[in-house]
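Please look over the sequence and the structure shown below. The paragraphs after them go through the fold part by part.

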Amino acid sequence: MSTVAGGGRSVLRRKPIEEIDEEKTGNKLFKSLGLWQLTAIGVGGIIGIGIFTLAGLVANGGADASPVGPAVLISFLVAGLASAAAALSYAEFAGMVPRAGSAYTYGYVALGELIGWFIGWDLLLEYTAIVAVVAIGISGYFTEFLAGFGIDMPVWMQGTGDTVEGGLINLPAAVVCLFITWILSRGTKTFGRFELVAVGLKVLLIVFIVGLGFFYVDTDNYTPFLPSGFGAVFTGAATVFFAVFGYDAMSTAAEEATDGKKHMPKAILLSLAIAMVLYILATLVLTGMQNYQDISPTAGFASAFQSVGLPVIATVISAFAVLSILTVMLTFLLGVTRVWFSMSRDGLLPAWFSGTDKRGTPQRVTWIAGGTSALLAGFFPIRAVADLTNIGILAAFVVVCVAVIVLRYRQPDAPREFRLPLMPWVPAFGVLASGFLMLQLHWETWLRFGIWLVIGMLVYAVYGYRHSLLNPRSPRHLSLRANPRPEN
């Protein structure tokens, strides 16, 4: 083990970049993803619930927020602008550090172990919660799909009591979490193929929706454009921010890319650009087809086509929305398992979690994360879970934007496949924009986030600090020196 930057006992010890490509500890992940598969994973993670659920929820306001109305378009643009600054930072890191872990690994390399742990622990919860909130979004469309055939699901299984009167559990959401867990458990190669096909169908569906819906737009529905003022627009941006990331979870698969340094930066930027164009077009059509006050907060486009007398199209949309949103769940479940795997391989969590099967898949963390997301999806309302995921991802974006500045000045000559422009202004804007959006979230979201981080600090103090492979006295470090075989 090489000398650790910052001292072997320091909580700010950093993982040297030069050792990343020659990782010799723990298990390996198989390389099977090319540029277009990576881009598909990114688009799959970004586009889905944002168009099919959150656009309608924010425009309408739901039961506990002010309606944004047609200005939901601005909410997406604000969120997209903040996300773009972070995307450029991710792209620079991805071209330097093609290793599983994404923001966790980037923070570990640039800012030290404690910051890396903080963001990794954060992402374990956030990515798992994202899978859950997307599953909740799917369940609304699934209910609409069955209703199109005259089938009414029992109320008790349609959602929680907070969202459906008489509801006990969101059973469709819980079941779909377990289904996508099974798909991911089949291996990255199988997952990559499924994602490429499903994302292709998703993009075709959105183009179809926009093209057909354009003929039913009533410009009167755009008035008033700002029913609740700009304050609601910024609050809406904090909620729909959930819809403009995904490339960060895709970057956790860098170690499984055939040429991570070359392909990851391109895939990150391509996926965000494609997604933002489709979001702008879709929100214009949605709020033009139906008055924002009447848009369904759970199945926006289905209700919009119902309102213009096209119930069959609404049923078709509901069916394909379920399929297309699955890709979002797959991307983020991939993300949480790869962050978890990476933290375990680095010694910050027990080695048992980094065990892989013959396909190079970390089965243990895959099923644990999938089961946890099923519980969240079954028993929590969508807005509470969505806000919880947003604060965590925004915190990760702040860390990555700071880290890219620090590393650019600390190691200016390190090889970079992509260099973000206007350093340090672009990442500095990312820090400010992400921080601003975090402040728009409810205090209860901050409380839940704080409790999770306190638990994480206790876990690090009791286990992670002592067992880290960068700690010269780590039991696993000493074991690997004596017997450098992968642990299973």
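At what angle do α3 and α4 pack, and how far apart are their axes? The angle between α3 and α4 is about 70 degrees, and their axes are 11 Å apart. Axes here are lines fitted to C-alpha atoms, for helices over the stretch in contact, and angles run from 0 to 180 degrees between N-to-C directions. The helices α3 and α4 are therefore roughly perpendicular to each other; angles under 35 degrees count as roughly parallel, over 145 as roughly antiparallel, 65 to 115 as roughly perpendicular and the rest as oblique. Tyr90, Phe93 and Ala94 of α3 make the contact with Ala103, Tyr106 and Ala110 of α4, where contact means heavy atoms within 4.5 Å. By class, the residues of this contact of α3 with α4 are 6 nonpolar, no polar and no charged. Ala, Val, Leu, Ile, Met, Phe, Trp, Tyr, Cys and Pro count as nonpolar, Asp, Glu, Lys and Arg as charged, and the others, Gly among them, as polar.

Some notes on the model come next. This is a predicted model, in which local features need pLDDT of at least 70 and side-chain atom pairs count only at pLDDT 80 or more, while totals for chains, interfaces and linings use all residues. Residues are numbered from 1 along each chain as its sequence is written, and side-chain values use heavy atoms, with hydrogens and water left out.

The chain has 17 helices and 0 strands. Helices (H or I, at least four residues) and strands (E, at least two) are DSSP runs, numbered from the N terminus. Of the 488 residues in the chain, 61% are buried; buried means under 20% relative accessible area, exposed over 50%, and partly exposed in between, with a 1.4 Å probe and protein chains only. Among contacts between residues at least 6 apart in sequence, 82% join residues at least 24 apart.

The loop between α3 (72-94) and α4 (103-111) holds Met96. Met96 is buried, with a relative accessible area of 4%. Its C-alpha lies 6.2 Å from that of Lys261, although Met96 and Lys261 are 165 residues apart in sequence.

The crossing of α1 and α10 is right-handed; a crossing is left-handed if the near helix is turned anticlockwise from the far one by less than a right angle, and right-handed if clockwise. Residues of α1 in the contact include Leu35, Trp36 and Leu38, and those of α10 include His263, Met264 and Lys266. The contact of α1 with α10 has 12 nonpolar, 4 polar and 1 charged residues.

The other is helix α11 (residues 300-307), which packs with α10 at an angle of about 45 degrees, with the axes 9 Å apart. That makes α10 oblique to α11, and α10 passes α11 in a left-handed crossing. Ala282, Val285, Leu286 and Met289 of α10 meet Gly300, Phe301, Ala304, Phe305 and Ser307 of α11. This contact of α10 with α11 has 7 nonpolar, 2 polar and no charged residues.

Which residues does Val131 touch, leaving aside its neighbours within four places in sequence? They are Cys177, Ile180, Met329, Phe332, Leu333 and Ser373. Val131 lies in helix α5 (residues 113-147) and is buried at 0% relative accessibility. Val131 and Ala369 are 238 residues apart in sequence, yet 9.3 Å apart in space, C-alpha to C-alpha.

Cys177, one of the contacts of Val131, is buried with a relative accessible area of 0%. Cys401 is also buried, at 0% relative accessibility. The structure holds 0 disulfides, a disulfide being a pair of cysteine sulfur atoms within 2.5 Å.

Two loops contain cis peptide bonds. One joins Thr223 and Pro224, with omega about -5 degrees, and Pro224 is in the loop between α7 (188-213) and α8 (229-240). The other runs from Met423 to Pro424, with omega near 5 degrees, and Pro424 lies in the loop between α14 (382-410) and α15 (425-439). Leu422 is also placed in the loop between α14 and α15. Phi of Leu422 is near 55 degrees, a positive value in a residue other than glycine. Leu422 is exposed, with a relative accessible area of 62%.
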